[in-house]
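Here is a short tour of aromatic contacts and backbone details. Have the viewer ready and follow along.

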Amino acid sequence: MNRQISSLVLMWLGYTFSATPLYAIDNQALIAGARKANEAKVFNIKTFGAVGDGVAMETEAVQQTINACHDAGGGVVWVPAGDFQIGTIILKSKVTLSLDYGASLLGSTNVADYPTENLSRPREGAAHCLIYAENANNITIEGLGVIDGRGTHENFPRNRNGGRNKGIRPRLMRMESCEDLTFSGVTYKRPAFWGLHLIDCKNIHFNAVTLRFRNNNYNNDGFDLDGCENVLIENCDLSTGDDAICLKSSLNPCRNIVVRGCRADSNTAAVKFGSSSRGGFIDISITNCYFHDCPMGAIKLQSVDGGRLENVNISRVVMKDVGNPLFLCLGNRGSHFGEAREDASVGTLKNIRISDVVAEVTVEDRAKAAEAVYKNLKVDETPGVTDKEKSKAGPIMITGIPGHFVENVILENIKISYPGHGTEEDAQRVVAEDESRYPEQFFFGVLPAWGAYLRHAKNIEFKNVELTLRGDDARQEIVMDDVEGFVNE
């Protein structure tokens, strides 16, 4: 079944980048896969001693069920209705973790229940996580239940001197070097740190997954896919504190990835490539998505650690109440993520096509901003629109660095509405290069353009791009610095 999913991803990529027709799906193979799944052996976690009262620690019972399922050659680990409190569990090959409606796996609020001696250390962050797998294959997490990390700011503060958890914040999930992974239907909630973190994995399908991470804790990313290949993300509903769909490449490239039919909101970005970008991002398609309530920007494509960011096709996207709508950044931070550092080389950012986008850029609502990490923070009462607010609700930004251009970018059939608020002083702003800094657009400050700011770029085409203002703005619509071959038609 998962091999079939992988082939579908590759067919969609072929369709996206070469305009080859998408051929009919092999329905017989799908039916055969479903029949085989229905005939799988079922292992009920209650048979192994789980209670489901939300109080008992069920880690051992759930792990014993997983082990028995794996040792029997694979099957289904059945989580019936109930509240099952667990610490770290390790998934194994050929195991389907299936949660009924009304079933919840609840993360322990005590970091002592997240041991790390049997877990490898990731390239970024600490090893602690609720669900773990490594060098495994054919793993599925499915059903109508909930996996809730209960990783609130109160339970897992990031202050290292505070409380029994000493600033340690477990991920909700980490899987490394795994293949043939399926995530279907389950709702994931409240990670203490990142959400679903997959590293160097292949053949992955996310379908109808729901994430509810927003305003929970710090750094609550949604899908963190680091160096993953052959990925299909579809029909998902993502609400996150940090980046909703975040492609990373701390070592290996992300390659052959399709995102379609998804909704996302975030306190930062709906889609972000980077900032970990050593390996690069190649052959990515994002289509038919709705991104909303993203005050720090909607789509961010970044190569700052030497990787290739090439062949990206984004189309049919509607954005509502977002900050900076499109941010393309080539930089020279050169991070090697803990490994011995060599002389860092500058990567590439080229061959990008973004089409059929409608966006409304707004200044962040201050009442919502006050809820960003935990509620009841004081609302900023500074009169007018601040520079920080303007920098978050800025123009399209496409920037390379001196001697290294962003190349071959096409924006076609784009309609973006901006709020205005730019002053004569803003129109005279000089924008620092900041090529080695962590890449966020608002770090560059208020830009001297209200519609698009292009710098160190080559062969940029605007085709039927309509940029409009809802309020007064003294800046120019488009400002260019060191740009070759710009076409606006």
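## Terms and model

A residue is called buried when its relative accessible area is under 20%, exposed when it is over 50%, and partly exposed in between. Please keep in mind that this is a predicted model.

## Aromatic pairs

A pair of aromatic rings is described by the distance of the centres and the angle of the planes. With ring centres required to lie within 6.5 Å, the count comes to 10 aromatic pairs.

Take Phe193 and Trp194: their ring centres are 4.9 Å apart and the planes meet at 10°, so this pair is stacked. Both Phe193 and Trp194 are buried. For Phe273 and Phe281, the centres lie 5.4 Å apart with the planes at 40°, so that pair is tilted. Phe273 and Phe281 are buried too. Elsewhere, Phe183, Phe206 and Phe223 are linked into a cluster by ring pairs.

## Charges over rings

Arg158 places its charged end over the ring of Tyr218, at 3.5 Å from the ring centre.

## Backbone details

Between Gly274 and Ser275 the peptide bond is cis, and omega is near 10°. Ser275 belongs to strand 23, residues 271-277.

Arg190, a residue other than glycine, has a positive phi near 50°. Arg190 sits in the loop between strand 13 (187-189) and strand 14 (196-199), and its relative accessibility of 30% makes it partly exposed. Asp356 also has a positive phi, near 55°, but lies in strand 28, residues 348-361. At 37% relative accessibility, Asp356 is partly exposed.

Technical notes. Residues numbered from 1 in each chain as written. Predicted model: local features only at pLDDT ≥ 70, side-chain atom pairs only at ≥ 80, totals over all residues. Heavy atoms only, no water. Phe/Tyr/Trp six-rings, centres within 6.5 Å; stacked < 30°, edge-to-face > 60°. Buried < 20%, exposed > 50% of the residue type's maximum accessible area, 1.4 Å probe, protein only. Lys NZ or Arg CZ within 6 Å of the ring centre and 35° of its normal. Helix = DSSP H or I, 4+ residues; strand = E, 2+ residues; numbered from the N terminus.
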